[in-house]
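Here is a friendly tour of one model, meant to be read with the viewer open. Please load the structure below and follow along section by section.

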Amino acid sequence: MSKIDHSLFSADKHALEKEYEVCPKCGSELVMRNSKSGPFLGCASYPKCDYIRPLAHHDSQQIKVLEGSACPECGKPLVIKNGRYGMFIGCTGYPECHYIAHDEEPDGAPQLPACPKCKKGQLVARSNKFGKTFYSCDGYPRCKYTLNHKPVATECPACHWPIMTEKKTASGVVLQCPQKSCMHKLVES
């Protein structure tokens, strides 16, 4: 035990906090700072210099060029890339062209019913920040009608509300009225 170097266990400095980089703006040392979004590197002479940099670099890396595919905006080949939010398909001419391929619904996808509250808008599928799908009126912010389950254009036999929601259970598909005052259920066969 006598061979332990006690200078390695000093509590005044954390091993990851010492960063031997210099600020590109002013030449001061970069130090680790914390915010509500997490840790980042910032300039040690903060009020005078406001340079910050994220700890992790999330540069998109090209994985494979897709042969026979062309960017609809500039005509250059498309490539599979690995980026900050996972894999995606984008254009090889990136800084000039910002095209990213998105999953489009097929043309034969079933149409969602009209908004029963405002009767002007159409219900559309959206996803929240956690990736969960919900359904709301496309007339937002005028109409704030939302549903957690898929709407079906079937009138409720109890309260005559123009739509019902489709819930999948262990016993099968159940149609339920979205009105809290009704909540009538129909078992679909």
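## An aromatic pair

Searching the whole structure turns up one aromatic pair. For this count, rings of Phe, Tyr and Trp (its six-membered ring) pair if their centres lie within 6.5 Å, with planes under 30 degrees apart called stacked, over 60 edge-to-face, and the rest tilted. Y145 and W161 make a tilted pair, with 6.4 Å from centre to centre and 45° between the planes. The two partners come from distant parts of the chain, 16 residues apart: Y145 belongs to the loop between β8 (133–137) and β9 (146–147), and W161 to the loop between β10 (150–152) and β11 (164–169). Strands here are DSSP runs of E with at least two residues, numbered from the N terminus.

Are these two residues buried or exposed? Buried means under 20% relative accessible area, exposed means over 50%, and partly exposed covers what lies in between (1.4 Å probe, protein chains only). Y145 has a relative accessible area of 10%, so Y145 is buried. W161 is at 19% and therefore also counts as buried.

## How to read the values

This is a predicted model, in which local features need pLDDT of at least 70 and side-chain atom pairs count only at pLDDT 80 or more, while totals for chains, interfaces and linings use all residues. Residues are numbered from 1 along each chain as its sequence is written, and side-chain values use heavy atoms, with hydrogens and water left out.

## A salt bridge

The structure holds one salt bridge, a term that requires a side-chain nitrogen of Lys or Arg within 4 Å of a carboxyl oxygen of Asp or Glu. K25 and D50 are the partners, and their closest N and O atoms are 2.8 Å apart. This pair, too, links distant parts of the chain: K25 sits in the segment before β1 (30–35), D50 sits in the loop between β2 (38–43) and β3 (52–54), and the two are 25 residues apart. Side chains of opposite charge can pair when their charged atoms come close.

D50 counts as exposed because its relative accessibility is 52%. K25, at 56%, counts as exposed as well.

Strands are said to pair if DSSP finds at least two bridges between them. β1 and β2 pair in the antiparallel sense over six bridges, and a hairpin of two residues joins them. Within that pairing, S35 has G38 in β2 as its bridge partner.

β2 also pairs with β3, again antiparallel, over three bridges. Here G42 stands opposite I52 in β3. β2 is mostly covered, since five of its six residues are buried.

## An open sheet of three strands

What is the order of the strands in the open sheet? Three strands form it in the order β4-β5-β6, with antiparallel pairing. β4 (61–70) and β6 (86–91) stand at the edges with a single partner strand each, so one side of each has no neighbour in the sheet. From one strand to the next, the twist averages 25°, taken from axes that are lines fitted to C-alpha atoms, with angles running from 0 to 180 degrees between N-to-C directions.

Strand β5 (residues 77–83) is joined to β6 by six bridges. One of the contacts to look up is V79, whose bridge partner in β6 is G90.

## The β7 and β8 hairpin

Five bridges hold the antiparallel pairing of β7 and β8. V124 has S136 in β8 as its bridge partner. The hairpin has five residues between the strands, and G131 takes a positive phi near 90° in it.

## Backbone details worth a look

Most residues other than glycine have a negative phi, and most peptide bonds are trans. K119, which is not a glycine, has a positive phi of about 60°. K119 is placed in the loop between β6 and β7 (123–127) and counts as exposed because its relative accessibility is 65%. M183, also a residue other than glycine, has a positive phi near 55°. M183 lies in the loop between β12 (172–176) and β13 (185–187), and its 37% relative accessibility makes it partly exposed.

Which peptide bond is cis? The bond from Y140 to P141 is, with omega near 10°. P141 lies in the loop between β8 and β9.

Technical notes. Helices (H or I, at least four residues) and strands (E, at least two) are DSSP runs, numbered from the N terminus.
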